[in-house]
Amino acid sequence: MSTVPPGTPCWADLATPDLTDARRFYPELFGWTGRVTPEPEAGGYTIFQLDGRSVAGAGPPAIPDQVPIWSTYLATDDAELVAGRVERAGGQVVVPPFEVFDRGRMAVFADPAGATFSVWQPLAMPGAEVFNVPGAMSWTELVTPDPEGAKVFYELVFGWQPDDQLVGGMTYTGWRLGAQIVAGMMPPFADDFPADLPAYWTVYFAVADADAAAARAAELGGTILVPPRDNPAGRFAALRDPQGALFSVIDLGPDGD
């Protein structure tokens, strides 16, 4: 079983053309250790762990020309059911559900604005085993030019209810599943993000100090895309790793959430 309810982010992994460098960069940034999947067919897929507990993964690109990217996985009890909902809601099944050894079943989808996301139906592997501590995934967020279309799509697929708030003159949406806010959504900032970026999901990792983490990422060969700044959730920065994969870090403050 997953460590989180269906419809909730449960895993994130990196597709990268330089897996060796990813195994260097992220452990030095987050204190992770890497455990390589033994099956040759996995292509060196690496499970990153924090104090012995799984937090994220990294593997080779699925297709040769795939850009380096962090992917968000949402827990599900039935990957085929989600695939049908995605198609009926106007999305695309990019990779139909398939078995990942004895670990689980996964599929890759795209919403109508082109943002890709995955689902994970756990078997032997539940997904991430720790969240919301420094070095672990703490938040996932959809950046899209079509928030209204996304509200319709994700409600049909996962039952999410939008919870809109005005933040700094911009509407920020929390995705509510029952009593819990499980993810977020915002329109792109024209002055912060490249204009040619399509809609996308981004992953936030918690850190003890966003400024120090951004500086360390740059020292290790990464790029600071959005310098550290404060928002209602904490102090965050948007970064790229040495191969160009986008991710964010956030200091959640003394309360941890």
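Buried area is the accessible area, found with a 1.4 Å probe, that two parts lose on being put together, summed over both. This tour uses that term at the third stop.

The model is predicted: local features need pLDDT of at least 70, side-chain atom pairs count only at pLDDT 80 or more, and totals for chains, interfaces and linings use all residues. Residues are numbered from 1 along each chain as its sequence is written, and side-chain values use heavy atoms, with hydrogens and water left out.

**Stop 1: the whole chain.** Display the protein chain as a cartoon; four helices and 16 strands are present. These are DSSP runs numbered from the N terminus, helices being H or I with at least four residues and strands E with at least two. Along the principal axes, the C-alpha atoms fill a box of roughly 50 × 45 × 35 Å.

Stop 2: Colour residues 8–122 as domain 1, and 136–217 together with 227–252 as domain 2. The bounds come from an automatic or database domain assignment. The domain centres, taken over C-alpha atoms, are separated by 18 Å. Domain 1 brings 40 residues to the contact and domain 2 brings 31, contact meaning heavy atoms within 4.5 Å.

**Stop 3: the interface.** Between them the domains bury about 2800 Å², 72% of it on carbon and sulfur atoms. Select Phe25, Phe30 and Trp70 next: these residues supply 17% of the area that domain 1 buries against domain 2, more than any other three residues.

**Stop 4: polar links across the interface.** Five residue pairs are in polar contact across the interface, both residues at pLDDT 80 or more. A polar contact is a pair of N or O atoms within 3.5 Å; within protein, one must be able to donate a hydrogen and the other to accept it, and residues adjacent in sequence count only if both atoms are side-chain atoms. Helix H1 gives the most to the side of domain 1 that touches domain 2, with seven residues.

One salt bridge joins the domains, the term requiring a side-chain nitrogen of Lys or Arg within 4 Å of a carboxyl oxygen of Asp or Glu. Select arginine 216 and glutamate 28, whose closest N and O atoms are 3.4 Å apart. Arginine 216 lies in helix H4 (residues 210–219) and glutamate 28 in helix H1, 188 residues apart.

**Stop 5: arginine 103.** Move to the loop between strand S6 (92–100) and strand S7 (104–110), where arginine 103 is found. The side chain of arginine 103 makes a polar contact with that of glutamate 39 (2.9 Å).
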